[in-house]
Amino acid sequence: MEELACVRCMSSKFRNPNLVFSFNICGHTMCANCIEVAFVKGSGPCPKCLIPLRRNGFKLQQFEDASVDVEVETRKRVLLDYNKTEDDFDNIDDYNDYLVEIEDIIYNLVKNINVAETRERIELYKKQNKDIIMRNRMKLKREEQALDELIEEEKMHSQYKRDEILRDEAEQRNKKLRVDAELIDSLACSNSDAKDIVNTYVHKKEEIPVLKPKSISKPPINFTKFSTGVKFNQPSLSIQIKEGPLFKYEPVSHQLNGPSCPEISQLESLGYLKYIREENPQEIAGGFLIKTSCLHYIQECVSALYERKTGKV
């Protein structure tokens with residue numbers, strides 16, 4: 001793998017482990033010092049590919065390969081406008097074609113293929129679907145806000161439970177400390193037997209109730225629903241099972257149009273199994289029986305022996 005280095009000063013993490021790299025839309029990596037020097041006026045060309053860049057367009061590199069960061073940022077920008085869902089299409093094929101179009105646009109922007117035509121294509125799409133884009137953005141914003149509020153509520157609920165447990169533990173600890181203090185005072189001031197005094201206060205300690213986990217009821221959730229359409233506070237749907245008539249076994253009747261076949265219990269006595277191998281334990285465990293297969297073969301052989309051809313189609 002190629003060593004990660006700045007395209008201007010060629011400094012690398014191997015030489016300076018504390019070096020911080022940033023990337024721009026072109027995908028080339030630069031260190032923080034070179035960005036300060038090369039873009040002192042706020043904009044300038046990339047030292048390697050000469051693409052015009054802006055200083056505020058640089059972002060910290062998260063992956064070892066800068067192209068991955070570029071693809072992630074490009075995908076975020078494209079999906080901000082290409083935000084249609086399956087509900088916006090008449091059928092699944094149109095939605096799949098829409099997803100393929102998105103991937104083509106992202107690939108062209110990341111690989112610098114027909115960038116000008118791709119950007120014109122995006123602008124045309126934004127003009128034609130302005131209302132849908134704004135509607136889906138507002139919908140996504142509301143769902144994200146509702147989800148953030150739900151997460152915050154869960155955190156507050158968990159914190160409240162932890163505080164309640166800590167208060168109960170502190171209260172129980174204080175009760176034990178008060179019993180210990182009373183024991184010391186009794187031993188110091190009483191003329192009774194020390195063993196009896198200690199036993200008395202041991203029983204008092206044992207009478208202190210043991211903490212039990214409390215079930216704290218959660219307040220109702222007032223949010224709408226996830227992006228999938230499932231409501232936050234929607235209970236699981238009960239499945240209604242309709243009971244039908246019980247199964248009743250009826251033996252299968254075969255119309256062979258031929259001579260009658262022997263019963264399965266007569267196959268061995270009539271000599272049909274004389275030249276057929278026996279089933280192995282694995283076949284028996286799987287439910288395979290030689291007698292059944294042999295009976296099927298006999299039925300196939302005698303079937304349609306008495307059938308007459310009429311010549312009609």
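Two strands are taken to pair if DSSP finds at least two bridges between them. In this predicted model, three strands form an open sheet in the order β2-β1-β5, and their pairing is antiparallel. The edge positions belong to β2 (29-31) and β5 (59-60); each has a single partner strand, so one side of each lacks a neighbour in the sheet. Helix α2, spanning residues 66-81, packs on this sheet and touches β1, β2 and β5. The direction of α2 makes about 45° with that of β1.

Strand β1 covers residues 21-23 and joins β5 through two antiparallel bridges. Within this part of the sheet, Ser22 stands opposite Leu60 of β5.

Gln61 lies in the loop between β5 and α2. This residue is buried, because its relative accessible area of 13% falls under the 20% cut-off. The side chain of Gln61 forms a polar contact of 3.0 Å with that of Thr29. Beyond its neighbours within four places in sequence, Gln61 is in contact with Leu4, Phe21, Ser22, Phe23, Thr29, Ala66 and Asp69.

The chain as a whole contains eight helices and five strands, which follow one another in the pattern β-β-α-β-β-β-α-α-α-α-α-α-α. Its overall values are listed below.

| Property of the chain | Value |
|---|---|
| Buried residues | 23% of the 313 residues |
| Contacts between residues 24 or more positions apart | 53% of the contacts with a separation of 6 or more |

Technical notes: Residues numbered from 1 in each chain as written. Predicted model: local features only at pLDDT ≥ 70, side-chain atom pairs only at ≥ 80, totals over all residues. Heavy atoms only, no water. Helix = DSSP H or I, 4+ residues; strand = E, 2+ residues; numbered from the N terminus. Contact = heavy atoms within 4.5 Å. Axes fitted to C-alpha atoms, helices over the stretch in contact; angles between N-to-C directions. Buried < 20%, exposed > 50% of the residue type's maximum accessible area, 1.4 Å probe, protein only. Polar contact = N/O pair within 3.5 Å; in protein donor to acceptor, adjacent residues only side chain to side chain.
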